[in-house]
Amino acid sequence: MDPHLLRTFVAVVEHRSFSAAAQALGYTQSAVSQHIAALENDLGTRLVERRPVGPTAAGERLMEHASPLLLRIDAARADVARVGRTHPTRLALVCCPAALTPSVAGDLARLGAGTPGLAVDVQVLGRAAVAQAVLTGAADLGLIDGAAAPSDPLPVPDAGPMTGLAVAEQPLAVLFPAGHPLAGRGSLRLFDLADAHWIDAPDTAVPLDQLRAAANTDGFRPHLTYGGTDVYGLGRLVAAGHGLAALPLSLAAALPGTAGIRLSAPRLVHRTEVLHPRAPAAVAQEFITGLTG
């Protein structure tokens, strides 16, 4: 499959419009139609319904493969481009919200003090976007976080040469409104909260599917969905009674109007990992050493 045709197909399905896809890609609408027709001819089946625009059953199946395929291509392109190319005075770092801790900020300050002229670019993104930025070369390093058993690594996309190293672990806590009846408890079991109201905030808190898997239950259903990366915004929603969220204990303790209660079972920790390409630049490697040292 021609990746250019595949990108056009993904854009059409995501925008549900040939004209909107053309605008997003910088093509004419006629070119987009030709790309879709060529891809359908290649695969021998209709992939997109025209009125209304949407994927056929075969198109839905192709969408399951399209994003990983395109990400792998972008990762390969970035990996080749890194060879022989260095930016000795630039560091682009992407972080999940809970991974940008005071310790990380301090390490960045020390790196800057020891590297004259260093330009640092920090972005806060969701977990999938952090991994994608590192894979595609948009960032030199990424910091992701999540819940895991003490000996298990965090799940990351298998789309190219990328290494994950643990840099921090701390207890996992559930965030309650300060006036909640359970807010005074010393600890709680995750299983006992399966039927509570939860906020689904996959880019900020621990994703609910991770909690379901850890508790081996189909509970933890969202009462409210939060699509942002502002931890304090999530805290305000919890404080107002919209639902619970799982966060690292130190962060939970810092959010006004809430109470963070440590989880006693199952055995889970909140882990932060640094993601980097196979051969990071010297300044990136120095930062990694500071994080893991």
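Buried means under 20% relative accessible area, exposed over 50%, and partly exposed in between (1.4 Å probe, protein chains only). This is a predicted model, in which local features need pLDDT of at least 70 and side-chain atom pairs count only at pLDDT 80 or more, while totals for chains, interfaces and linings use all residues. Residues are numbered from 1 along each chain as its sequence is written, and side-chain values use heavy atoms, with hydrogens and water left out.

**View 1. The whole chain.** The chain has 10 helices and 12 strands; helices (H or I, at least four residues) and strands (E, at least two) are DSSP runs, numbered from the N terminus. Its C-alpha atoms fill a box of roughly 65 × 50 × 30 Å along the principal axes. Of its 293 residues, 44% count as buried.

**View 2. The cis peptide bond between Arg51 and Pro52.** Omega is about -10° here. Pro52 is found in the loop between β1 (48-50) and β2 (53-55).

**View 3. The cis peptide bond from Ala265 to Pro266.** Omega is near -5°. The loop that holds Pro266 runs between β11 (258-265) and β12 (269-277).

**View 4. Asn216, a residue other than glycine with positive phi.** The phi value is near 55°. Asn216 is in the loop between α7 (208-215) and β9 (222-225). With a relative accessible area of 71%, Asn216 is exposed.

**View 5. Phe220, not a glycine, also with positive phi.** Phi is about 60°. Phe220 is placed in the loop between α7 and β9. Phe220 counts as buried because its relative accessibility is 0%.
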